[in-house]
Structure formats: structure tokens, C-alpha cells
Amino acid sequence: MLIVSCLALATVVAAVASLNVAIPSIAQQTHATQTQLSWIIDAYALVFAALLLPGGAIGDRFGRRRALLVGLTIFGAGSAAAMTVTDPGWLIAMRAVLGVGAALVMPATLATVTSSFAKDDQQRAVGTWAGVAGASAILGLLTSGVLLEMWSWRAVFGLNVVLAVLAIAATRRVIHETVAPAGGRVDVGGALITVAGLGLLVYSVIEAPTEGWRSGRTLLGIGGGLVVLVGFVLWERGHAHPMLDPRLFRNRAFSAAAVTITVQFLAFFGFIFLALQYFQLVRKDSPLMAAVSLLPLPLAMMPCARGIAPRLVKRAGRPRICTVGLTLMAAGLLVLGELDPSSSYWLVVAGLVPFGAGMGLAMTPATSTITNALPDSQQGIGSAVNDLARELGGALGIAVLASIMQSAYRSHLRLTGVPSGLVEQIRSSPGVGMHVGGDVASRAAVAFTDGMQLALRCGAAIAFVGAAAIVVLLHGSATEETRGARARSKPVVTR
């Protein structure tokens, strides 16, 4: 059951990042503009994040196995359709369809795990799930790199179809249905409000690097999204059967765990976005080599998430291990923030290992804390909160760290003697500058790494602040197990 749940999880998580390495091929074959290329990547994340809470509630209400099968079917069908399109607009639409399927699948996988394992085995099972959730993004890049070496970008969607079919067959054979006990009516109003609020917020964050963080459109969008989410809180507080009870966030351990997940994936996705450009533009690696270069990260993450973190939690408690994990991630980012055009790969490894180990240590206890705060009847919602923190963190990480890098790149770039027609193109895109060749390419590479160094150091600072926030949130409280644990009813199991 754990293997099948992780297969379904890896199928949808790998799709978050797998197309990044295929962007040059897609641009060449579909003639997509830069804005369209951005939305080919971001449409999936936007729809995925906006629908996670309703997706988790649907699984709780109608069955997690059923949600898995429906979600995987939508994901596979959307991927099959994406293989046939030639218009970038349709490709964006198909990526959005994939996001709908993923929003049903991801919460159902963790809810199935937490509802099926005995208490003694649950921590290790959640650790395995968390490790797969973190490592699948890089493994998606790796497999996409292999496929691009042999075929075209369409093969990336073909792999999605194969994985979805395998996961559907395995789910039908292995996973038994778990549903929440019958409750009140479905909170349709809460679902619609959260989709609107999260959709507007994530859209505005994704567009912020293009529009500018201080532009009226960005500020209005982020402010509007936050206002809608405040409305969601007020709605849920007055609802007899809320989709997500906002009073859960009074539980300090629950809030600290959500902060941990958000900060982790802010640092993780922000780093991956910059690192792929560093390897391919500055070091001139192929897409496959760029993905292979990142392998020390999941190799350090997986054993920490599955084996080491659960053992350390028994000795020191979840909050301390989350704090240690974020601190290790910050240390890894500080090391990676020393990279320049001539750096040895061993410096990359020296940063990736503590970064990956820190992720593994922090993810497992944070995920367990979120799911332990809710009864079995709401495990889908608990998983959705965990996944939503991850997606929001990822969107923020790419937007914030990319903006910092781009700003520093432009300020450090020296383009004396360059034709005026090329200046703005080079200032707007490091890739253009490094493809010009000669001295201009060298100056663009130095300016890019200067910007990357600053961005990664800011990412390290955010991770340190996140670790400090956990200490403050849990200062003077009892252990999170005694403060955060709630009565957990047995799941209703049907065959």
C-alpha cells in the first residue's frame, strides 16, 4: 500500500518540475512566447495549489481510493492530450487539467497512509512519503533529461501516461477504500472561496517577477487574495461543518509545522530554479547532466526522512528536529551561495548534502505534526494543508529568489561596447547574454552568479528565520504531541 501510494505521489510531484528542462525544445517546436513558456510551467502549479483543499475534502467525503482513481485518470488523460497539441495555448490548458488531477491525488496519498498504518509504524511511513514528495521533483528532472536526450518533449507527457496507468492498476489491486464517517453537508461555499482566494494569491505571486513586486497589479492581486482568504476564515468559523476549521491554527505545533513546510519548499524550489540555470548556462551542462548534478540532494534526503528523522524525533521531539533541519538547509544554502563560474563540483556537493539532509529531517516531523492534529475523518484535509504549504512555498521561492537574482544580475552587468539593440535583451535574460559568446558571455556569467549568490544567501536567511519562528511559536509550550494530538477515530474501511 505504501509503495502504491508513493508511486501515485511521485507521478504528480515529478510533473511540477519535469518540463523545466524541456522549455528550449517546446519553444522551438511550438513557437511559444516567453510569457507562454512561463505559463506552460506555472499553470500546473496554480491549479494544483488552488484546488488542494477541495481535493482533500472530496477524498475525505467520497473515499480516498476513489479520489486517487479519478485524479490519476484526469492526470493521465490530460497528459495523453498534451502529447498531441502543437499550439502553446492548448498546452497551457492541458497543464491546467493535469493540476486538477494532481489536486485529487496528492492529498489522498497521505490520507491513505496515515489512515492505514498503526501508530507505531506511522512515523516511518510518513517519513517515506515525505522523502518521496521531496525527491520526486529532482527525479522528474532526471528522467526528463534522459527522455530529451533520446526523444522530444512529448515523451515527458508520455511518461506521465505510463506512470498514471501503472498507478491506476496498482491502486485498484492494492488500495482499500477509506472514507470519513458520514457528516454534515458539503461546504461548497468554503470550497469556492478558497479556490478564488488561493488562485488569486498564487497567480499574483507567480506573475510578480514579471509585473514587478511594487506594481499596482501585483499589490492588488496579493491584497485581494488575502482579503478573500480572510473571508474564507470568517465563513468557516460560522459554518456548522467547515471544510477547514481555522481554529486549528491556534495549535502552535500545527502552525509551526505549516511554517516549516512552507519555508522548506520556498528554499528548495527557489534553489532548483536557479541551479538548473547555473548548470546549463554557466557550466554549459546538458539538461541530463544538470539533473544528475543534483542527485546528492535526494540521496541525502531520503535516508534522513525515512530512518534518521523518526529515531531523532523519539529522543528530542518534533520541534527540535524541525529546527535542526531548517538550520542545516540554511547552512547548505550558504555553501551553495559561494558558487561562481569556476567553482569545483565538490563545492556543489558540499552544499547539496546538508541541504538535502536538512530537508529530510524537517519534512517528516512537520508532516506528522499536521496530520496528527486532525482526526482520521479529516486526514484528506490535513494532507491538503501540508501540500498547500508546500505549493505556496514553492511559488514564493521561485518568485522571490528569481526576483533577487534578476535585480542583482542587472545591477552587476557591465555592457560597454555592446550594440544598443542587444543591451536590453541581455539585461532581461541571462540566457541571451551567455549565448552571445566572447567577453559578453563571460560578463553575463559573472553577473548571473553574483545574483545567484545573493539570492541563495537570502534563501539561507529565510530558512534561519523559519527556524527561529518555530522556537518562538513553541516557546514555553508542552511537547507538540500533548498540545497537538487530538482524538483519532478509526477509518471506515470498505472493500
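Q: What does cysteine 322 touch, leaving out residues up to four places away in sequence?
A: Cysteine 322 touches Thr260, Ala362, Pro365, Ala366 and Ile470. Contact here means heavy atoms within 4.5 Å.

Q: Before we go on, what kind of model is this?
A: It is a predicted model: local features need pLDDT of at least 70, side-chain atom pairs count only at pLDDT 80 or more, and totals for chains, interfaces and linings use all residues. Residues are numbered from 1 along each chain as its sequence is written, and side-chain values use heavy atoms, with hydrogens and water left out.

Q: Back to cysteine 322. Buried or exposed?
A: Cysteine 322 is buried, at 5% relative accessibility. Buried means under 20% relative accessible area, exposed over 50%, partly exposed in between (1.4 Å probe, protein chains only).

Q: Which helix does cysteine 322 lie in?
A: Helix 13. Helices (H or I, at least four residues) and strands (E, at least two) are DSSP runs, numbered from the N terminus. Helix 13 covers residues 318-336.

Q: How far does helix 13 reach from its first C-alpha to its last?
A: Helix 13 has 19 residues and reaches 27 Å, close to the 27 Å expected at 1.5 Å a residue. The expected span is 1.5 Å times one less than the number of residues.

Q: Which residues of helix 13 are buried?
A: Among them are Arg318, Ile321, Cys322, Leu326, Met329, Leu333 and Leu336.

Q: And how far is cysteine 322 from alanine 256?
A: Their C-alpha atoms are separated by 9.0 Å, with the two residues 66 apart along the chain.

Q: New topic: the core. Which residues touch the most other members of the largest one?
A: Tyr44, Phe268, Phe271, Leu294, Leu297, Phe355 and Met359, in a nonpolar core of 135 residues. Such a core is a set of buried Ala, Val, Leu, Ile, Met, Phe, Trp, Tyr and Cys residues joined through side-chain atoms within 4.5 Å.

Q: Which helix gives that core its largest share?
A: Helix 10 (residues 252-282), with 19 residues.

Q: What does methionine 359 touch, not counting residues up to four places away in sequence?
A: Gln264, Phe265, Phe268, Leu297, Met301 and Met329.

Q: What is in the second, separate core?
A: Six residues, including Ala309, Val313, Ile321 and Ala357.

Q: OK, charges. How many salt bridges does a search of the whole structure find?
A: Four. The rule is a side-chain nitrogen of Lys or Arg within 4 Å of a carboxyl oxygen of Asp or Glu. One of them joins arginine 64 and aspartate 60 (2.7 Å, N to O).

Q: Is arginine 64 buried or exposed?
A: Arginine 64 is buried, with a relative accessible area of 1%. Aspartate 60 also counts as buried, at 5%.

Q: What about arginine 66 and glutamate 177?
A: Their side chains meet in a salt bridge (3.9 Å, N to O). Arginine 66 sits in helix 4 (residues 64-82) and glutamate 177 in strand 1 (residues 177-179), 111 residues apart. Arginine 66 is partly exposed at 48%, whereas glutamate 177 is buried at 9%.

Q: Last one. How many helices and strands does the protein chain have?
A: There are 19 helices and two strands. Of the 495 residues, 57% count as buried.
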